[in-house]
Structure formats: C-alpha cells, structure tokens
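Reader: I am new to protein models. Please take one part of this one and walk me through it closely.

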Amino acid sequence: MMTNGVVHANVFGIKDWVSPYKISVLALLYEMTSSKITLPERRRLNKLILPLQQGPDLTLGQFLKTVEECCPQTAYAVKLRLHEMADGELKDMEYFFSTLPTPFSAFDSEAHKTSVVGLFMRHMLLAYNKLSFSQVYKLYKSLQHYYHSHYAKPTDGQVGLPALAADDSEMDLTSIEDTVGDRVDKEELDAPLHESELRSDSTPSRGPLSQKQAEYFLARQAYLLKNDENKALKPAALQEELNNMLKFNPDFAEAHYLNYLNSMRVQDIFLSAHSLLHYFDRLILSGNEGKSNGDEGYGRSLRYAALNLASLHCRFGHYQQADLTLQEAIRIAQESNDHVCLQHCLSWLYTLEQRKGSESTVLTQDSVKMAAHFCLPYLGSLDIQSLVQQGAMQGKAAHKLMDALKDTEILHWKHSLSELIEISLAQTTSIWRMYGKSTMALQQAQLLLNLSSLEPVNFGVHQNNTEAFAVALCHLAELHAEQGLYNATSEIFQHLKEQFPPHTQHSKLWMLFDLKIQFERHMNDRKYHLAEPLVKAMSALNKTEGLYRKAQVLKALNRSTEAYSILQQLQVHCEKTKCTEIIIRVMLSTAELHWESSGFSTALPLLLQALALARQHHLQSLASETILHLAFTQLMLGIPEQALNVLHEAMEPILAHGAVIDKGRAMLLAARCHMAVAGFKLKGQGHLDLHLAALAIESLNEAASYFSKLKCKERLRDVHYLQAQLYRSLGQTTQSNRSAMNFRLLDQELQSPAPPVFMQL
C-alpha cells in the first residue's frame, strides 16, 4: 500500500516498474539514439547508462547535473522533453512512449534487443503497456510532481514527489490486473509529503528499490569496499541506506552481509556479529530457493558465513568462539564435500593457532599439500606466503625465503592473480625492511606502486587500494624519513590520509608509522616534551610499541628505575610472543641504562647476547646497531683499538642501508675512536698521531653533514665542540675558532645544558 508517497510492501521481488526517474532515463536514451552527438561525449554518456539504469532513483536535479557533466547539449534536450510532458497533457506522455524505438526493430542503434539499452527499453515498454488508465494517470501526475519539485521554491508551500514511490501492485512489470482503479483519488495524489521524507539534491534516494537496483547497489558497494574503500559511501551514509533497504525487506540476506562488512570498517563488534547472525537466519528462511548441498544456494553461503563468523571472532581476539565456529564450518563443508571451503577452514585454523601463540608450521605445510592436490593455486600461494612469513620470524635465511616467493610468483602470473601479486610484493618489501636491506625494500615498494593491476576496471576503480598498497606506502614514507626527506614523507602521508581515511580498516597502519616517525624525530632532536604525548596515541594502536617508546622517554628523562621496570616487563612479554626485534631493542635500551651508572662491563654480556640474536635471525640493521653499542662500550672501557676494529665491521652496512642518523652516529663514534687511539685528551696537550687525527677530522666533517641534513642541532653542537678541541690540539687556530663560534651559536640557540659528549652514543 502507498501512504504519503511511501510504499509499505516487500518490493524486492519486483524486477522493474515505471517511475518518473525511469522516464527521464528513457528521454536520455531517446536523445542519444536520435541526436547527433560527438564521439567523446557519446563515450562519456555510455559510461553513465548502466549506473543510471540500475542505480537508485535520483532527483531531477541530480540526474540533470550528472548528464550535464558529460554533454550539456543532451541534458538541455532531455530537460525540454520532460518539460513538454510535465507542462502538457497526458497524451504528450503517451506520444513519448509511442515514439520510443522498438528493441526488435532498431537494428542499427543502441536500442537493439541484445543491448543493455534495448533490454531496458523493452522492460519499460512492457511495464507501461500493462498499466491501466488509472495507473497511467497516476504515473503522469507523479511525473508532474517530479518535474515541478525541481523548480519549485521553498516558499511555494507545495512540495512535489522527488521520485515516484508507487505501489508495487500498481506499476510493477508483473502486474496484469487493474487492482487499484477504484482507489485513485485527488486527495492521495495531491497530498504533500511528511517533512522527514523530503530531501535535497545532495541526499540519496530514500524510496524503495527494485530488485535490480538493490542488487546493483549492493554489488557496487561490496566491490568498492574490497578494492577502493575511499570511493564507497561513508560508514554512516552506507548504514543509513542499508537501514532504509531493510525497512522495506528485513529478510534481504545480502543487505545484512553488506551491513556486516560496513560494521567491520569501524570495528563495531556488536553490530558486525549481529548482522552476520541475521545473515544466517535469512539464508535459512529462504532455503527453499536453492540447493542445500550444491555449489549454489544457501548451503554454500552458510558455510562461508560460518567461516566469516570465525574470522570475525579471531580478529577481535575471541579465540574460543572462533575455534567453535570454525569447527562448525568444517562440519558443514565436510557434509557437502566442499574442498575449497575446507581449505579456507584449514588456512584459518593455522592462523588461529598462530594468534594463540602455538606452533602452526605443520598445519601450514599440510595446507600447502592439500591445495596443490585439489589444484587451488590461490589458497596454495597464500599458504606458502604464510610459511615465508613464519620463516622470516624464525630467522630463516633471506635467500631461502626469496626462492619460495619466486615459486609463488610463477603461479601468480600464470593464473593472473593480481591480488596475490600485490600481497607478495608487499611482503617482500616488509621482509627486506626487517632484514635491514633498505635499498631492496625501496625497489620492491616502487615496483608494487608502479604495477598495473590485472583486475578488470569496475565502477571507476583504477587501482586496488588494499592493505598491500598501504603497507608499501608506509615503508616508503619510513625510508624517506630515515634519509631526512621529511617533506616527501609528509606528501606520502597526505596521500595515505586521502586514500585510507581514519574510518577505514587499514588506516591504523599509516597512523602508527606516522606516530613512530614523529617520535623518532623528536627524540633525535632531544625534544622529549614533544615525544611524550605521542606515546599514548601509539599505545592505543600497538601496545608493545607504546610500551617500548614509553621506556625510551623515561630513560631520556633520567627516570631510570621506571624505565628499567617497563623494559623487563616488555622483554618477558616479547619472549612469549617471539617478537625478536623488540627483544633486541629492549636489550640495547637496558645496556644504555647500565651506561648511565657507569656499568659498562655489566652492559657487555647483554650486548653480546643481542648481537648473537640479531645475527641468528639475519637482522642486519639491528646487528649494526648492536655493534655501535658494543664499540662505544669498549671505547668507554679504555680499549679504543678494539672498538675501532669492531666498528669497521658495521660501517659498510650502515653507510649502505642505514638511516642518516645512524650514519652520523657511526661517523662521530669513529672520530672519537680515532682521537682516542691518536692520544687526544680534552685536558692537556699530548703527542698526537697526525694520520689518525686527520681521519678523525674527516669523520667529524662527515658526521656534521649528516646531522645538518636532519637539523639535529644538539648533535651538531657536540660535533663542533670536538672539532674545536681537535683543531686547537693540532694548532689550527682559525679552524678551531670557527668551530668554537658554531658551537657557541648553537649553544645559545638551544639554551639547554649539553650532556657530557664522551658519555653518550
């Protein structure tokens, strides 16, 4: 039934009906087939045909604006055509339908019966021809309301129907009887809409959708959520559309599933689980429409719905519920002999074991074998990539992992698995970053970002903005930040914010990287008051990273007891979760705490243990960082010759792959070792080895260039201080005075006491 222009009926069984908006689309198609349009304009209009036909009804303003952007001349012709009908008589609308090209006779135009345009025109003509006189009259009055509502002023006191919300029993394609001829009266036709039902040109259609419109809307939004979430409707807007859709048909299972996907975007645990359970219920209610044990029908959907529910619980850390739901999905898949679903279940089974901290390598290897047995390259490749990830965490050699990934790449290109190609490149980038090979990581990230997608271009999506791209861009931003290119880093993060807004599911990646880069920058500048507020934000995204950064700030603020307590707590946690990188960093920070109490000999065992762990897991960057700490400890223990020998081992990888700050620290430490070996002393003149002194000066100059690039004024002050002392010892007064002046200028600018230069790395 229809009340104030709103249908209170289940309309999703209706294939199509005639509405004022559909008449506008017909007018556009008529002008396209009968008028001369330039080729570029025709191509632009052709792209609009399917969305306009299958999308939700638009207001006249929205419709004309869309057409004007492609072809203003055609939009004006459509406007004239609608004006003739709306300001004319009923016979003008009748004449328009009689002049439409017949799909069976228009062989040389877009309206041929096998074309999309021809099928649409045929549906509309059939629906219109089945209307009784009273229904045609009601359609004409609705067209008048639709047209005049676009031009009516708010002060007119009359509001027209923005779109025809017809009773499905009156204007649908399958209606064959005049069941409402005696119900049409002037009161119902002229009654204004309720205020809550009005909408401006910028708001989406609020009326019911036909089956085709609903299916098109759901397919489009689901595709955009998967490939380019930024182009999909915002979570609140999409939720409103789905609520409106479910208001007319609460049993629409696909709408509940899209509701589940939308809730996952904002991490709404309750609503996502609620929607997925409703999806279960609706599939069971409509079970008589499909086979329960075949490839089609609700049986297959139930299996994957159970699998999705298991993944949902796993994502939110509900491992017991995830295990029970996964067992249910396995049972249903076994009953229906669905090997593909069973393979997905096995993949989630070892993922669940990983999340719980159990060993899952055997399960993963079994999954690879089963995927190869059933010729499932997609799942087999995912399993191999999971094995590679586990191998990287366990410290396998890089060449073995790359050989395994090379085999999967052959499968990807052979079967055109574009999504897995992107995932593989992103994972390779992450592995090279973990191993400390920044050049290789940069190459892989650039390769992914310049890769042309093999996926078909739908809904205007030209690039898959998936997690793989987010990971690659985050690594690229971090690599630029390490080299002091902060402007480029800001541009990358700006792009990430546009492509992955804060409400999207992958936004946490760039948020965490952004906070880490800001934190490191403030710590390098020794602006601890700016670094401290970032710790809370970082803890909200990653508790482990937040705890580690909190210990760093406490150590810098000389709150050693609190920092030591947090570091010990963090080390116990990371040993349980097997997070080797954080374990090594915790050991290095603990050694630095020992330095503050002059416990250099106590720090040595910790550093040697960290070095062994880094080399065992092939973590080159952390191994180089540990060697720097080891060399500094040996320097402070009075064995600069040994420190210099150890330092030379790390110098090459640091200069090749290290960050600019690490290069500066390494060169500064090398200069201090050369000065110590040469016999330099701050208090008093001694006999200096001129060759070693020249090497020290060269190292200091290079360190100054690195610190200048990062604008690390605190460290530059230390360099200028050492330069002034060294030049004075060599009798080079001019250079000594220049360095002393630079030191004084920086000291006045910083207005903070300089820590003892020989007591810090």
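Which handedness does the crossing of α34 and α35 have?

Author: The crossing of α34 and α35 is left-handed. A crossing is left-handed if the near helix is turned anticlockwise from the far one by less than a right angle, and right-handed if clockwise.

First, the ground rules. This is a predicted model, where local features need pLDDT of at least 70 and side-chain atom pairs count only at pLDDT 80 or more, while totals for chains, interfaces and linings use all residues. Residues are numbered from 1 along each chain as its sequence is written, and side-chain values use heavy atoms, with hydrogens and water left out.

Now the pair itself. Helix α34 covers residues 713-729, and helix α35 covers residues 733-750. Helices here are DSSP runs (H or I, at least four residues), numbered from the N terminus. Two packed helices are described by the angle between their axes and the distance between the axes. The axes of α34 and α35 come within 8 Å and cross at roughly 155°. That makes α34 roughly antiparallel to α35 (angles over 145 degrees count as roughly antiparallel). Axes are lines fitted to C-alpha atoms over the stretch in contact, and angles run from 0 to 180 degrees between N-to-C directions.

Which residues meet? From α34 they include Leu-716, His-720, Tyr-721 and Tyr-727. From α35 they include Ala-740, Phe-743, Leu-746 and Leu-750. The residues of this contact divide into 8 nonpolar, 6 polar and 6 charged. Ala, Val, Leu, Ile, Met, Phe, Trp, Tyr, Cys and Pro count as nonpolar, Asp, Glu, Lys and Arg as charged, and the others, Gly among them, as polar.

For contrast, look at another helix. Gln-634 sits in α30, residues 620-636. Gln-634 is buried, at a relative accessible area of 10%. Buried means under 20%, exposed over 50%, and partly exposed in between, with a 1.4 Å probe and protein chains only. Leaving aside neighbours within four places in sequence, Gln-634 is in contact with Ile-639, Pro-640, Gln-642, Ala-643 and Val-646. Contact means heavy atoms within 4.5 Å.

His-618 is partly exposed, with a relative accessible area of 37%. Its phi is positive, about 60°, although His-618 is not a glycine.

Finally, confidence. The chain averages a pLDDT of 80, and 83% of the residues score at least 70. pLDDT is the predictor's confidence in each residue, from 0 to 100.

Conventions. Helix = DSSP H or I, 4+ residues; strand = E, 2+ residues; numbered from the N terminus. Parallel < 35°, antiparallel > 145°, perpendicular 65-115°, else oblique.
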